[in-house]
Every structure is written in structure tokens, then in C-alpha cells.
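Hello,

Here is the structure you asked about. My notes follow below it.

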Amino acid sequence: MSGHGNETSRSAESVIAAQRALLLTEFGKHVSHGEPYAIVDFPDYGNVGDSAIYLGMLSILRELTGRDPSYVASLARFNADALRRAAPKGPIFLQGGGNFGDIWPKHQHFRESIAKTFPERRLIQGPQSIHFQDDVAIKRCAETFGAHPDFHIMVRDRPSVEFVQERLDLTASLVPDTAFGLGPLRRPAAPTRDIVMLMRTDKEKVALDETLLKNLPDAREADWRAESENWRKWSRLYANVRGLLMGGVVKSRRQVLVSKQLADMRFDRGARILSDGRKVITDRLHAHIMCTLHNIPHVYLDNSYGKIGRYGAVWTNGLGIARQATSAEQAIELLREVGN
């Protein structure tokens, strides 16, 4: 893997193609053409990046199997008996992302419960960045997945590989983020301003003096986590109607179709936010990834535990349309260089 980040100016197209090819290879080890499969921990919430992860994994699995998943469910809508009825055999894929660990414990507890509930099924953890703070949680995780006879974990960066091997006593595969499974995309709209600043507002945010960023001319501040109750209500109604019209009479089939519709709408919302700027400043990994997919020049700062820098060191280092900054001052300086 050492060759991924050695070039000094790589095109977005080449970066995307290399990562998508590797995703097909790695996921192809766990599923075959025509084989049924399930996806659990569907991201039924506003964080656009997680919808990008889901849609990319879905694209890869559709290409490999020639079919949709037999079962898809979020944490709230998951039912073990329903999964067994809809997908009595085949692998179960766990949503990838950055929530493997104890920062977002409900997702960790869910995946551990899946391992205990389905000891007879192959479980594949989609590419994750791993971060634990508590030794008790590490011990519980190691025991749970170590006891499963057919568990496979993919991770997105080298520190996560080392953690899995040294602290969990498991073998991890180094695999790109599944959002790259979407391939190159076109901007959904022309920019209306010079800069979009898409910055975290959650517990992964780094303390940063943003005064300089806020004073940038012709800049828009945004984050993409929040969804209004009204949006959630009408988007779910629309997705359910579309699901029925597309043949989702059986509940499990409709759930698959509704999940795809919701993820598409959230992804489109995020893509339009990023496309509103000629350039982007962000501290979100998937804003970096989606800017790459849409060929949008951008500068990225890291999150609280170095997730973006760790990813970039393996997969996007040298990308011509991106620069990594360590301060607001440096971000502004690099913004003048990138994309010109």
C-alpha cells in the first residue's frame, strides 16, 4: 500500500479509480455474483458523509452480486427475525465509517450485538477508522469479535490496522472508504460564491480560532448534520411512496428501496452545499472525499483524533485539488493556491 501517497500531483480521476478498484477486489472476497446479502446499521440520520459511505458500498455490492441487498435496516428499525426471513443465508455487511470505538457507543454496541446474534453468518465490517478511549470497551470488543468464527474487519488507515492487530488480536484489511465506490461525479450545480466552509459542530470538532475563516469575503458557513423534522417527515413519506411504486409491497423489499431513496436525497443535499462554493474549507472527512468525487478544489483540517490526516496519508496524499492545513491561517493561505 505504500505507493498510494507518493506522487506530488495526482488527478482526482486517478485517485478515485485506484480506490474503487481496490474496493471491488476486497469486497469481492466476501460475496459472489447472485449471492444474497444484508446491510445493517443503515445511516438514517442527517450526516451526509454516512449516506455517501452507504451508497458507495451499495454500488460496489450491486456490481459484484448483480442484485440489491435482501435486507437493509438502521439501528432503530433492525429486527433479527426479519433479517433471517428476508436473507436466510449470505453475508451480513456492517456500515463503515468512523464510529468503531467508544466515541459513538450506540453503533459499537449494535455491531457487537450483531456478532452475538449471528454466530453462524459471515460478518464483514465495512472500512472504519477506529478510536477507543476506554480499556474496558476495548476488552469487550476484542472478546466479542474474537469469539465470532467468521468476522472480517476492514479499516481505512494504518493506525487502525495496528490497533486491530495489537489490541483486538484480529486481522484487519486496509481498504479505502466505500464512498469511493460511487466513482467520479459531476457537480450538481454551478457555484454561487467563492468559498463554502463546511465545519463540524459535534464532539469530533477541533478547537480552532475560526475568526479569520468567518471574515473571509464571499464565504458561506455550513454543516450538513442537521435535518428539520419537517424534512424528515416529508422525505420519508416520499421515499415510501416511491418504494411502493417501485414494487416494494413486501416490507423488507420496501425497506431496501426506502433506504436508497433517503440516502440519495441526503447525499444530493450535501453535494449541493459543497457545489455552492468555487472552493471548500472543511474539517469533515467526507467533505474531503465528496469534493474529490466532484472535482472541487478544497483545503481540509483534521478532526479531534486525526481521522482525516490518517486517511489522507494512505489514500489521497498528493491529490492536486486538495491541501491539508493545520490552522485557520494556513487554510486561508493554501486556499489561494489550490485549484488555481
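Asp50 touches Pro43, Tyr45 and Gln95, leaving aside residues up to four places away in sequence; contact means heavy atoms within 4.5 Å. This is a predicted model, in which local features need pLDDT of at least 70, side-chain atom pairs count only at pLDDT 80 or more, and totals for chains, interfaces and linings use all residues. Residues are numbered from 1 along each chain as its sequence is written, and side-chain values use heavy atoms, with hydrogens and water left out.

Asp50 sits in helix H2 (residues 48-65); helices (H or I, at least four residues) and strands (E, at least two) are DSSP runs, numbered from the N terminus. Asp50 is buried but has no salt bridge, and Arg156, the nearest side chain of opposite charge, is 6.7 Å away. Buried means under 20% relative accessible area, exposed over 50%, and partly exposed in between (1.4 Å probe, protein chains only). A salt bridge is a side-chain nitrogen of Lys or Arg within 4 Å of a carboxyl oxygen of Asp or Glu. Lys and Arg count as positive, Asp and Glu as negative, and His and the chain ends are not counted.

Strand S4 (residues 97-101) has five of its five residues buried, so S4 is largely enclosed by the rest of the structure.

Val299 lies in strand S11 (residues 298-300). Val299 counts as buried because its relative accessible area is 0%. Its contacts, again not counting residues up to four places away in sequence, include Val280, Arg323 and Leu335.

Trp234 belongs to helix H8 (residues 229-245) and counts as partly exposed because its relative accessibility is 46%.

Regards
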